[in-house]
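Thanks for making the time, everyone.

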Amino acid sequence: QVQLVESGGGSVQAGGSLRLSCAASGYTYSNNCMGWFRPAPGKEREGVATMFIDGGSTYYADSVKGRFTISQDNAKNTVHLQMNSLKPEDTAIYYCAADPSNPCGVVDALVWTEYKYWGQGTQVTVSS
């Protein structure tokens, strides 16, 4: 049974930092596409940051480039999202997603419909 369990959400003031974690179980962690999504105006979910586990490729939404960093922890089958210089517009529920069949290329990696497995989400609130 595939499980993605998020943690690390919370409330911070603008300019602050948070680190989200997503622990994966029930499927092969390596060589799959995994990352973070959030709701956005006009979309059900937008890709925030994704990566190909063990492949090195990472992808970021333009709105978070230079502020957010996605990374993997193979020992714990976990993906992290380090969020710095947070802004009020970053406020959202952040969902972890994974899909071993996603080629995780520049076309697919940030598209939420290309992911099969989802976590329950973790709330991030940034106050001004």
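Cys33 and Cys104 form a disulfide, with their sulfur atoms 2.1 Å apart, where the criterion for a disulfide is a pair of cysteine sulfur atoms within 2.5 Å. This is a predicted model, in which local features need pLDDT of at least 70 and side-chain atom pairs count only at pLDDT 80 or more, while totals for chains, interfaces and linings use all residues. Residues are numbered from 1 along each chain as its sequence is written, and side-chain values use heavy atoms, with hydrogens and water left out.

Returning to Cys33 and Cys104, the angle about their S-S bond is 65°, and the link is right-handed. The pair connects distant parts of the chain, with Cys33 in strand 4 (residues 33-40) and Cys104 in the loop between strand 9 and strand 10 (117-118), 71 residues apart; strands here are DSSP runs of E with at least two residues, helices are runs of H or I with at least four, and both are numbered from the N terminus. Cys33 has a relative accessible area of 0% and is therefore buried, and Cys104, at 3%, counts as buried as well, given that buried means under 20% relative accessible area, exposed over 50%, and partly exposed in between, with a 1.4 Å probe and protein chains only.

The count comes to two disulfides, and the other one joins Cys22 and Cys96, whose sulfur atoms are 2.0 Å apart. Here the torsion about the S-S bond is about -80°, so this disulfide is left-handed. Cys22 sits in strand 3 (residues 18-25) and Cys96 in strand 9 (residues 92-99), 74 residues apart, and both cysteines are buried. Counting bonded cysteines along the chain, the pattern is 1-3, 2-4.

Let me turn to the charged side chains. How many salt bridges does a search of the whole structure find? The search finds four, with a salt bridge taken as a side-chain nitrogen of Lys or Arg within 4 Å of a carboxyl oxygen of Asp or Glu. One of them pairs Glu46 with Arg38, the closest N and O atoms being 2.7 Å apart, and both of these residues are buried. Another pairs Asp62 with Lys65 at 3.1 Å between the closest N and O atoms, and there both partners are exposed. Arg67 and Asp90 also meet in a salt bridge, at 2.7 Å from N to O. Arg67 lies in the loop between strand 6 (58-60) and strand 7 (68-73), and Asp90 in the loop between strand 8 (78-83) and strand 9, so the pair ties together parts that are 23 residues apart in sequence. Through shared partners, salt bridges join Arg38, Glu46, Arg67 and Asp90 into one network.

Finally, the nonpolar packing. A nonpolar core is a set of buried Ala, Val, Leu, Ile, Met, Phe, Trp, Tyr and Cys residues joined through side-chain atoms within 4.5 Å. The largest such core has 29 residues, of which Met34, Trp36, Leu81, Met83 and Tyr94 touch the most other members. Several strands each supply at least two residues of this core, among them strand 5 (43-52) and strand 11 (122-127). Leaving aside residues up to four places away in sequence, Met83 touches partners including Leu18, Leu20, Phe68, Tyr94 and Val124, and also Arg67, where contact means heavy atoms within 4.5 Å. A second, separate core of seven residues includes Phe37, Tyr59, Cys104 and Tyr115.
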